[in-house]
Each structure stands twice: as C-alpha cells, then as structure tokens.
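Please read the numbered points beside the sequence and the model.

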There are 2 protein chains.
Amino acid sequence: MGIDPGSIVTGYGVVEARGARLHHIASAAIRIPRTGTSARLGLIYEKISDAIRQNQPDAIAVEKVFMARNARSALILGQARGAALVACGQVDSHVHEYSALEIKKAVVGRGRADKFQVQHMIRVLLGLREALQADAADALACAICHINHARSRARYESAAGVLP
Amino acid sequence: MGIDPGSIVTGYGVVEARGARLHHIASAAIRIPRTGTSARLGLIYEKISDAIRQNQPDAIAVEKVFMARNARSALILGQARGAALVACGQVDSHVHEYSALEIKKAVVGRGRADKFQVQHMIRVLLGLREALQADAADALACAICHINHARSRARYESAAGVLP
C-alpha cells in the first residue's frame, strides 16, 4: 500500500504482486473538507485506518519529503503526514520511505519523469483503462516502488544464500 | 489541557480553574526515543490519548506555530503536531490555538517575556514548589491562556446578556 499524504487531498493505492504481474486492488483520493485542523487530521487518520483495515497490506510505503516550498506549507504537510503515519502505526507494518527520484525510477525507469508520464506508466503497469486521480496515482507509484525494492532485496538475499 | 507537541519532547499540562484559583492537576514531558518516524508518532499519539482519557479535559489548547527555523524542521514539527492533534480529535473537544504572544501575555502579562519568566510565573500561579520541565511548562502556559480567554468570553457574554 502506498500513501500520498496531503492536507487538501490524501491519496492511497493498493497493489498486489502475483509472480511478475502487478494488480490494482484499490486506490482513492480522499478530499479533506476545509473544517478545523483537528477535524481534518482526524479524517485523514480515519480514512487511512479504514483503508488499512480493509486491505490488510503486507507493507506500507510513503514518499520521503525533502523540501517544501516554505516552512508554513512544510508544517501543514507535516501535520497531514503525522495523521497518516499514526494510522499506519496502528498495524504492525513497517512504513518504508522512498524519495521522489526512487519512485519515478521504479515506475518510469528514470528519475526525471514528469507526473503525466508517471500517471501513464501506472495505468500501463496495472492495466487500467480509466484516468487516475493524481494523488491516487502517486500513492500507487509509491506502492509499486516498494514492490520493486522488496523484490530486488529478495533476489539479492536468495543469491547471497547460495554463496559458499 | 495544554499540549506542546515536539518530535523530541512533547509536553502536556492539565490545569483546573476553581473560582478565581488555578490548580495544577497533571503535567509531563514525554521523551520520544529515536526509533522510526512511524513508531515515534505512534508514541506521541498514544501518550496524548492516555493523558486525555485520564484527565477528561473540558478543552484542549495548543500553541499556534507561525514559523519554524526551516522547511525541514517545520515538516518534523508538523508530523508531531499531526499525531497529537489526531489524539485530540478522538475526544469531542474543540482544539483551541493561541499564539506564543497570547500565551506569554496570559501568563506573564506581556508578550516579550523569556521562557524562564514563563516557567517562574507558572510555578507562582499554580503554587508549585518543584522545578518544571520546559515543555511541560509551555503546555501548562497554553492551558492557562485558554482558561483566561474562556473567562473573558464568559464575562463578555454575561455582560452582553444584560444589555437592553
């Protein structure tokens, strides 16, 4: 499960890997109404908790944040991330963090891809016909990135296991 | 109840107003061990949830954050605030926000007081003999600020009620 936390829209996406194939299980963009801060964060927490309960992911991945436009927007983004990460902590699933570069590389093959290329490749990789909301697409990209990394690790470990 | 969320230390303090007098009910500084982000935020959420459950505050107040040193520290502070505010949202208590200026004015009588003056005045106002940890003191200051504001509002409303 990938999560793209935001104070206006929070996206999540669930991808299952069966052998070499990736399957789209669920994805959504949660629009956060402009009420009080505490109520908005409560909604992020609730909706992400619900999605985790419904989908029982093996792992959760979020995008690492390096920069925000300014301290004010970083604080607001941080609050949204805090609410989402608290929901993740309710399950016994470690939260993996990947940089935007790693996520783009995993999905498009290079780090400099724009968001339309990312959205297009996710639809191709998951065999989706319909358009994807941007934050749901980012969350799915995050999930796919984690699957790739987990596979590489597994391959490396099994290769290391046959060493003398 | 006042809360001073932070990623390294989160403080909280509970103050009860009986008539004109203020009473210290509880206060603590929660030290957050340097584990993973999700686990740290989970701890803030849990400890604040426990404190709310134990103390059943009528209202909760936090300090408004205007500025942080930089975007990175704002994000980290935002995450801690997000975890604490989600805990507050679990109870049906509106979260009030006050600026550092309003809090200092409420406790020391002027906005330019330093933190030692704030700590000293809180000990005087609450009749505490022992030293106060800085984040617990800030949380208590926040609670006292809310009590003062709530009293002013109540006085204003009762005065407005007798107008012709």
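1. Between the chains, G82(A), L85(A), V86(A), C88(A) and G89(A) in α2(A) meet T37(B), S38(B), L41(B), G42(B) and Y45(B) in α1(B), contact being heavy atoms within 4.5 Å. The residues of this contact comprise five nonpolar, five polar and no charged. Here Ala, Val, Leu, Ile, Met, Phe, Trp, Tyr, Cys and Pro count as nonpolar, Asp, Glu, Lys and Arg as charged, and the others, Gly among them, as polar.

2. The model is a predicted one, in which local features need pLDDT of at least 70 and side-chain atom pairs pLDDT 80 or more, while totals for chains, interfaces and linings use all residues. Residues are numbered from 1 along each chain as its sequence is written, chains are lettered from A and ligands numbered from 1 in the order in which they are written, and side-chain values use heavy atoms, without hydrogens and water.

3. Helix α2 (residues 71-89) of chain A and helix α1 (residues 37-55) of chain B have axes that come within 8 Å and cross at roughly 95°. The two helices α2(A) and α1(B) are therefore roughly perpendicular, a term that covers angles of 65 to 115 degrees. Helices are DSSP runs of H or I with at least four residues, and strands are runs of E with at least two.

4. Within chain A, the axes of α1(A) and α2(A) also come within 8 Å, crossing at roughly 35°. The crossing of α1(A) past α2(A) is right-handed, that is, the near helix is turned clockwise from the far one by less than a right angle. Among the residues of α1(A) in this contact are L41(A), I44(A) and I48(A), and among those of α2(A) are A83(A), A84(A) and A87(A). The contact of α1(A) with α2(A) counts eleven nonpolar residues, three polar and no charged.

5. In chain B, strands β1 (residues 2-4) and β4 (residues 60-63) pair in the parallel sense over two bridges; pairing requires at least two DSSP bridges. β4(B) also runs parallel to β5 (residues 95-98) of chain B, with four bridges between them. A61(B) stands opposite G2(B) and has H96(B) as its bridge partner in β5(B).

6. Which residue deserves a check for a positive phi near 40°? Q56(A), which is not a glycine, has this value, and its place is the loop between α1 and β4 of chain A. Q56(A) counts as exposed at 57% relative accessibility, the cut-off being over 50%. In chain B, Q56(B) has a positive phi of about 45° and is exposed, at 59%.

Notes: Axes fitted to C-alpha atoms, helices over the stretch in contact; angles between N-to-C directions. Parallel < 35°, antiparallel > 145°, perpendicular 65-115°, else oblique. Buried < 20%, exposed > 50% of the residue type's maximum accessible area, 1.4 Å probe, protein only.
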